[in-house]
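Take a walk through this model with the viewer open. We will go from the whole chain to single residues.

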Amino acid sequence: MKVLRTVLGDVPAEQSGLMLSHEHLLYGYPGAELDPRAALDYDAAVDFVAKQVRRGKENHGYGTIVDMTPPEVGRYPKFMADVAVKTGMNVIAITGFFPERMGIPYYWRRQTVEELTDFFVSDLTVGMVFAWHKTPYKAGAIKIATGQESVTPKPSPLGPNGRHIHEIEDRVIRAAAHAATQVGCAINTHIDPMDFDVTNPLREQLEILVEEGMDPGKVILGHAFVPPQLGAMREVLDMGANVQLDHVGIPWRISSAEELDEAMAVALVELFDAGYGDQITLSFDRWFMNPRAGVTEIDPQLLNEKVDLSYMFTSWVPRLKSKGVTDEQLKKIMVDNPRRIFSIDVPDPVAA
Ligand SMILES: [Zn+2]
């Protein structure tokens, strides 16, 4: 049977509801968890996030959130589980890593593809480890990430094998392909849009995954619409992979949300018209909680207010409908496609 592997256990894939394929319940750049100014009042933090999640579920029918926060970016398995319990939302956690320039702790940089694979498989099948402790909460997908993003973003330099992917990232991507193939789960990715200036980062990621035997149909390439890169997307769509439309209502590397939303909507319609409607997922990429201590004016990105979950239905869907997008097409990108891609095949339970 097909299941979604949530932090509270496997649920039948039919129970997905509307899915958001890339969000962050709790998010902090590596090191934030050490900052006394960012320390959580745990119960209040769970309540703060659960309130937003519950509103999204009750008012709009969101049923599943994929929390794409990597282990070194504040991933907190119990926190996700407590939000899931309080709200009834399916929360899918991920294993994997952030880009090398921003993440991948030194300890993991020193490990082989095999060791990285074992780490990911353990997160997916045994349970994630948090601050030296084993937890019962499993990840349900893998994240890989590339790109030079930093306070001053710039395109990635040429790395091994003629790609603009760094050496350790390359190893992580190969391990991710091995682990995903073993478990049968999806891989969802982060690219830095700056890299479109020097290459097609979507294709580079996908090529390595496919080299290692990954089914492209289980891969979602993220951030491809920021701003829309139609030619680059078509290359990977034609290879059988999926792309994710994210940053709905959230400006990134482009000054206005209005401008980005409109460009993304136009591109989405073009992809529907070109027959790629079964290969697109949708998300905000917002953080529900990002303890802001230590954020300064040199990093204004972090100070941007994120739109509320209702924005999808007050602004984004009306925008799409005004361009002729149908309810059936909306259902594909919000339900059918993410449900299919994130599903894991497990043996049917034996009848008693
Ligand atoms: Zn994200």
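Charge comes first: the protein carries 34 positive and 49 negative side chains. The centres of these two sets lie 3 Å apart. Bear in mind that this is a predicted model.

Next, the overall build. The protein contains ten helices and 14 strands. Its radius of gyration is 19 Å, close to the 20 Å that the globule rule gives for 352 residues, so the protein is as compact as a globular protein of that length. Along the principal axes, its C-alpha atoms fill a box of roughly 55 × 50 × 50 Å.

What sits inside? The largest nonpolar core has 98 residues. Look for Phe-120, Phe-284, Met-312 and Trp-316, the residues with the most contacts inside this core. Helix α5, residues 167-183, gives the most to the core, with nine residues. There is also a second, separate core of 13 residues. Val-11, Val-66, Ile-92 and Ile-220 are among its members.

Now zoom in on helix α8, which spans residues 257-273 and holds Ala-267. Is Ala-267 buried or exposed? Its relative accessible area is 4%, so Ala-267 is buried: the cut-off is under 20%. Which residues does Ala-267 touch, beyond those up to four places away in sequence? They are Phe-225, Pro-228 and Leu-230. Ala-267 and Leu-230 are 37 residues apart in sequence, yet their C-alpha atoms are 7.0 Å apart in space.

Some backbone details deserve a stop. Most residues other than glycine have a negative phi, and most peptide bonds are trans. Start with the peptide bond between Val-226 and Pro-227. This bond is cis, with omega about -10°. Pro-227 lies in the loop between β10 (219-221) and α7 (230-238).

Two residues show a positive phi. Trp-132 is not a glycine, but its phi is about 75°. Trp-132 is in the loop between β6 (129-130) and β7 (133-134). With a relative accessible area of 87%, Trp-132 is exposed. His-247 is another non-glycine residue with a positive phi, near 65°. Its loop runs between β11 (242-245) and α8. Where Trp-132 is exposed, His-247 is buried, with a relative accessible area of 4%.

The last stop is Ser-343. This residue is in the loop between α10 (327-342) and β14 (344-345). Ser-343 is buried, at 4% relative accessible area. What surrounds Ser-343, leaving aside neighbours within four places in sequence? Its contacts are Lys-2, Val-3, Leu-4, Ala-13, Gly-184 and Lys-218. Select those residues together with Ser-343 to see the whole set of contacts.

Notes: Residues are numbered from 1 along each chain as its sequence is written. This is a predicted model: local features need pLDDT of at least 70, side-chain atom pairs count only at pLDDT 80 or more; totals for chains, interfaces and linings use all residues. Side-chain values use heavy atoms; hydrogens and water are left out. A nonpolar core is a set of buried Ala, Val, Leu, Ile, Met, Phe, Trp, Tyr and Cys residues joined through side-chain atoms within 4.5 Å. Buried means under 20% relative accessible area, exposed over 50%, partly exposed in between (1.4 Å probe, protein chains only). Helices (H or I, at least four residues) and strands (E, at least two) are DSSP runs, numbered from the N terminus. The radius of gyration is taken over C-alpha atoms; the globule rule is 2.2 Å times the number of residues to the power 0.38. Lys and Arg count as positive and Asp and Glu as negative; His and the chain ends are not counted. The place of a charge is taken as NZ of Lys, CZ of Arg, CG of Asp or CD of Glu. Contact means heavy atoms within 4.5 Å.
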